[in-house]
Amino acid sequence: MTDDEYVIEADGLRRVYSGGFEAVRGISLGVRRGEVFALLGTNGAGKTSSVELLEGLAPASGGTVRVLGRDPWRDRAAVRPRIGVMLQEGGFPSDLTAAETTRMWAGCTTGARPVAEALDLVGLSGRAGVRVKQLSGGERRRLDLALALLGRPEVLFLDEPTTGLDAEGRRDTWDLVRALRDNGTTVLLTTHYLEEAESLADRLAIMHRGRIVTAGTPAEVTARRPARIRFTLPESVPAARLPLGLRAGAQGQRVEIRTHDLQQDLGELIDWARASDVVLGGLDARSASLEEAFLDIAQREQHGPEDALVGGGHRDSGDNGDHGDFEDRVVGVR
Ligand SMILES: Nc1ncnc2c1ncn2[C@@H]1O[C@H](COP(=O)(O)OP(=O)(O)OP(=O)(O)O)[C@@H](O)[C@H]1O
Ligand SMILES: [Mg+2]
């Protein structure tokens with residue numbers, strides 16, 4: 001990944017902690033100028049460990065990382081003034097006010113925005129004179145963001161920027177990130193809010209156990225997951241007449257079918273139900289959501305081997321675009 005258009009590039013990036021634990025196991029990603037890129041993953045997936053390497057806060061144990069064309073660890077002096085960093089857990093002297101904290105930080109920042117402007121950007125103007133220890137958790141998070149924005153960074157790293165914010169504060173932050181992006185700022189953020197990733201991110205990657213499992217635009221990532229059809233089959237259906245490869249044992253039970261061709265399979269099911277005069281109880285059909293893509297990956301954790309698939313061992317065609325057989329797509333008969 002050597003294309004100049006990438007302002008953040010990682011190739012085979014690894015991070016091994018001192019005890020020998022490998023938290024980042026060879027991730028590669030590229031973020032283009034003016035893009036919002038979201039890094040998702042369960043607790044402990046390795047997001048913060050990765051972001052810290054991109055920020056130049058720690059050296060990589062393997063692989064390469066480039067931010068604005070330079071190594072953020074070795075060329076820290078050149079890279080740091082051009083990036084903004086909001087850590088997952090910031091820390092402030094608690095006796096200073098919001099304005100004093102911002103002013104202190106501005107003193108260490110080349111070309112800093114005026115303090116009032118920075119606080120205004122994050123909606124903290126009215127709290128400027130309040131001591132940090134008296135700010136709410138969400139307000140402290142916003143103060144963190146104000147500090148990250150002080151130096152008008154070209155590249156902004158936000159590790160869980162909206163955790164602890166109320167719904168309005170979260171949406172204000174989204175608007176701010178969009179406005180920054182529209183002005184050409186490149187943003188890499190982590191989040192546990194899938195709605196946030198779906199709404200904000202131009203592209204995203206989902207990490208699991210130190211690796212990137214899937215990446216792309218939100219639409220691409222969800223399109224790789226199968227859609228779902230659910231219903232209850234009445235007891236009276238003759239086994240021989242079941243559609244879509246359903247087995248006889250499915251009668252009277254809740255059925256879940258996963259499919260990469262929702263229109264075709266739903267059409268077949270409804271045609272069959274009409275012709276057979278069968279009522280499909282609680283029929284529900286929906287395309288995959290980002291949440292489902294995320295949960296499929298997260299559940300691999302519980303199912304043991306790293307590449308175990310969700311659905312109790314039934315193949316769901318995964319990310320490879322393979323449509324599989326009908327039998328494979330009947331993933332849950334409960
Ligand atoms: N300093 C450290 N020494 C040893 N292991 C660490 C250290 N910091 C993190 N880890 C481990 O590395 C793994 C990844 O942690 P990391 O903080 O990167 O996850 P994360 O994806 O950011 O999770 P979260 O969503 O909870 O913030 C975890 O298993 C964690 O316990
Ligand atoms: Mg983290």
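In the predicted model, residues 304-329 form a stretch over which pLDDT stays under 50. For this stretch, the model has 37 contacts beyond four places in sequence. Across the protein chain, by comparison, the mean pLDDT is 86, and 88% of the residues reach 70 or more.

The largest nonpolar core has 64 residues. Those with the most contacts inside this core are Ala-38, Leu-54, Ala-146, Phe-157, Leu-188, Leu-204 and Ile-206. Helix α5, which spans residues 137-149, provides the largest share of the core, with six residues. Because domain 1 (6-221) and domain 2 (225-333) both give residues to this core, it lies between them. Such grouping can be set against a general pattern: in soluble globular proteins, nonpolar side chains tend to be buried together.

When residues up to four places away in sequence are not counted, Ile-206 touches Leu-40, Gly-41, Val-213, Thr-214, Ala-293, Phe-294 and Ile-297.

Attention then turned to the ligand. Around ligand 1 there are 13 residues, of which Tyr-17, Ala-23, Lys-47, Thr-48 and Ser-49 come nearest. Helix α1, covering residues 47-54, gives the most to this shell, contributing three residues. By residue class, the shell around ligand 1 comprises eight polar residues, four nonpolar residues and one charged residue.

How values were computed
Residues are numbered from 1 along each chain as its sequence is written. Chains are lettered from A and ligands numbered from 1 in the order in which they are written. This is a predicted model: local features need pLDDT of at least 70, side-chain atom pairs count only at pLDDT 80 or more; totals for chains, interfaces and linings use all residues. A residue is near a molecule or strand if its C-beta atom, placed from the backbone, lies within 6 Å of it. Helices (H or I, at least four residues) and strands (E, at least two) are DSSP runs, numbered from the N terminus. Ala, Val, Leu, Ile, Met, Phe, Trp, Tyr, Cys and Pro count as nonpolar, Asp, Glu, Lys and Arg as charged, and the others, Gly among them, as polar. A nonpolar core is a set of buried Ala, Val, Leu, Ile, Met, Phe, Trp, Tyr and Cys residues joined through C-beta atoms within 7 Å. A residue is buried if 20 or more other C-beta atoms lie within 10 Å of its own, exposed if 12 or fewer, and partly exposed in between; C-beta atoms are placed from the backbone. Domain bounds come from an automatic or database domain assignment. Two residues are in contact if their C-beta atoms, placed from the backbone, lie within 7 Å. pLDDT is the predictor's confidence in each residue, from 0 to 100.
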